[in-house]
Amino acid sequence: MIELALILAALFFFLASALTSRPLYILSQKYYSKKVTSHYGFKVSDLHYSYDQMVYFISLPTTLPYIRDALKEDLIIEQDYSSYFFPLLKGIKISLKQNGKKMFLAYLPIGNFRLPHLDKLQQEGTIDEQTYLRISTTKLLHRDTLQEVREEVYKQLQVGRY
Amino acid sequence: MSKLGAIILLIIAAVGLSLTANLIRFHVSAFLNQLIFSVATLILVELSVYFYGSNHLHWSILLFITTAGYSFKLIGGIIGAIFSIFLVYLQTEGIPLVLLPVYLLIGSGAGYLSQYLLNKKKNHHRWLNMLMEQSKHLQVFREVSTTMQRTLQQDLLLKVILTSVTAGHGLGFNRAMIFLASNESKSLKGIVGVGPMDVKKGYEVWEKISEDRLKLSDLIEHNFDSNFTDPELNALLHSLEIPIDEHNVFGLALSSQKPVIVRGIEKEDSSQVLIYDLFQTEEFAVIPLINQGKNIGILFIDNIVNKKPITLMDTENILPLANQAAIALDHANLYEQIEEMALRDGLTGLLNQRAFQTILNEHFPSKGNRAAPLSLIILDIDFFKVFNDKNGHLLGNEVLMKLARVIVESIRPGDYSFRFGGEEFVVLLPDTDLEQAEITAETIRLNVERTSFPGEKTQPNGTLTVSVGTACTDHRDIHSENELIEAADQALYKAKNAGKNTVISFKEFVSID
């Protein structure tokens, strides 16, 4: 009986850890970012960013009809984490799902998601690389940013990168 | 408590523990995060001891050992195993030494497996990064080559190349400049640069680019506008001429035809000192632009803003772009030379009639703007037929060449001289009224008279002279290019009739159908 109890408890422990780690990781980044940014007198929402470091795995502008004709809703944005139990955001993946098949279109690594104001603070020595990463993670995972990334990728598919 | 109740309570405790641990561990360092996760499993094991007694501790502790191994890899697994032995010893009867090798085996196994998976992930990530990097470069090359195929304009090519080198989604260097090689003067001349003069300006531009979400095409449009490219950088570059010397870094890059990275200024190299003085950079790379063995120029890159070191991989990645740029620049240069040749008279080197039509149209005052008058001088050699008959066409050609030099030396910078055909020459004087044109015309006539020409003794007056007619658009009856030419031609005709070797200006307009 005790074997079953302990196995069940361990299963629930790991399951709960795995399921809650990413949301709580994001929450902690948000909390930390808010604390740091308010200390230095700016808001995460005010930060300008550049996603032009987005790497596309297809030629732009594309001539492939099934990509050009894709709907905005067909685009899937996934957050790419390093692990279930110790999650760290590596980047965001953008893929196209059509007829049950998934095709990778683009990837934005978190290290390449640069924010000029943070660049400046880091260069001045006000914040370190880790703090930069936590704030940029918060910014990238913000609903508005992800929505804008979706819009941007869709636009690129329609009219081309340049 | 019933058995089921104890199970449910243990499960609730497990979930509570994991949530509590997760709430805390992402606010602390990575080490503490892993420690809290491992400790949480230990607490879970201890809770089971609390509910069910310590009889099962010797195997339930395996949960903690494997978690420690997963969290801290091999070292974590081993420490977890040793710690567990002490714990089992403290909480159970007897010395569990026999368990030690089992614990160590499980701990190190979990640690090794975790390390193996981590390495696999890291390798995968490294591969992904390399592929992404290559993909990014491919996009840049595609864009650059497409633009290069579209144009032979050197200016646009330079914009595309430099923007691709410096743009965020391009190669991402902070600053890039192009120097073109001059084979005659054995020097490199600064042509154009993109990037800030200092760190502060760099961040301002970076902020602006991010705020406006500018893409490569936007940047190409904006570059060389004051908001995006510090004019100071380009002003400095234009004034810069670096000798190609084997002892300086630029000469070394060109002679070895390989990129050179400078990591610190060498004071013995005057070119490096000059670069430091002008652009405040201590680390930069010099990439030779070479096409078919010919030195086209140099691409200079540095990271003045983020101070990111330039690596061999960086220069390796930029080489294909530099090679493409060299081919395009060489072609553009050849095209410009051919275009220039098409607009020049082969004998005298002056602009030809085709160029005359273009420049005349460009400078002819528009209907609404008569404020900037355009003057025209037409001249031809007096008795040139006689000269050719007596001296032959070869000597006649020599005279035409020398006369062209006299005309060029007699006019002001900004004036244009043309060979109109035969012995007839034309000078266009933008922003010049008739009075000023007469002065220039008289200067030409006088200089021709004073200059000694071969065979001129055979001329009827014993010297070679020209007759000159002038006209200006400030005349009320001149409204078109053809009317201006016609007016100057009439003035020349009058000068011929007035005894030659004279300047006559057009005063009265007679419309000729």
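Which side chain meets Lys102(A) in a salt bridge? I started my look through this predicted model there. The partner is Glu78(A), at 3.0 Å from N to O.

**Entry 1**

I checked where the two residues sit. Lys102(A) belongs to strand 4 of chain A (residues 101-109) and Glu78(A) to strand 2 of chain A (residues 75-81), so the bridge ties together parts that are 24 residues apart in sequence. Side chains of opposite charge can pair when their charged atoms come close.

**Entry 2: between the chains**

How many salt bridges cross the interface of chain B and chain A? I get 0 by the rule. The contact itself involves 53 residues of chain B and 52 residues of chain A. I looked up the area too: about 4,900 Å² is buried between chain B and chain A, and carbon and sulfur atoms give 68% of that. On the chain B side, I asked which three residues supply more than any other three. They are Phe26(B), Tyr203(B) and Arg213(B), with 13% of the area that chain B buries against chain A.

**Entry 3: helices 1 and 2 of chain B**

Next I took helix 1 (residues 3-25) and helix 2 (residues 30-52) of chain B. Their axes come within 10 Å and cross at roughly 165°. Angles over 145 degrees count as roughly antiparallel, so that is what I call helix 1 of chain B relative to helix 2 of chain B. The crossing is right-handed. I listed the contact residues: from helix 1 of chain B they include Leu10(B), Ala14(B) and Leu17(B), and from helix 2 of chain B they include Phe37(B), Ile43(B) and Leu47(B). By class, I have 17 nonpolar, 2 polar and 2 charged residues in this contact.

**Entry 4: helices 14 and 15 of chain B**

I find their axes coming within 9 Å and crossing at roughly 140°, which makes helix 14 of chain B oblique to helix 15 of chain B. Helix 14 of chain B also passes helix 15 of chain B in a right-handed crossing.

Which residues make the contact? Helix 14 of chain B brings Leu403(B), Val406(B), Ile407(B) and Ser410(B), while helix 15 of chain B brings Thr440(B), Thr443(B), Ile444(B), Asn447(B) and Val448(B). I sorted them by class and got 5 nonpolar, 4 polar and no charged residues.

Note on methods. Residues are numbered from 1 along each chain as its sequence is written. Chains are lettered from A and ligands numbered from 1 in the order in which they are written. This is a predicted model: local features need pLDDT of at least 70, side-chain atom pairs count only at pLDDT 80 or more; totals for chains, interfaces and linings use all residues. Side-chain values use heavy atoms; hydrogens and water are left out. Axes are lines fitted to C-alpha atoms, for helices over the stretch in contact, and angles run from 0 to 180 degrees between N-to-C directions. Helices (H or I, at least four residues) and strands (E, at least two) are DSSP runs, numbered from the N terminus. Angles under 35 degrees count as roughly parallel, over 145 as roughly antiparallel, 65 to 115 as roughly perpendicular and the rest as oblique. A crossing is left-handed if the near helix is turned anticlockwise from the far one by less than a right angle, and right-handed if clockwise. Contact means heavy atoms within 4.5 Å. Ala, Val, Leu, Ile, Met, Phe, Trp, Tyr, Cys and Pro count as nonpolar, Asp, Glu, Lys and Arg as charged, and the others, Gly among them, as polar. Buried area is the accessible area (1.4 Å probe) that two parts lose on being put together, summed over both. A salt bridge is a side-chain nitrogen of Lys or Arg within 4 Å of a carboxyl oxygen of Asp or Glu.
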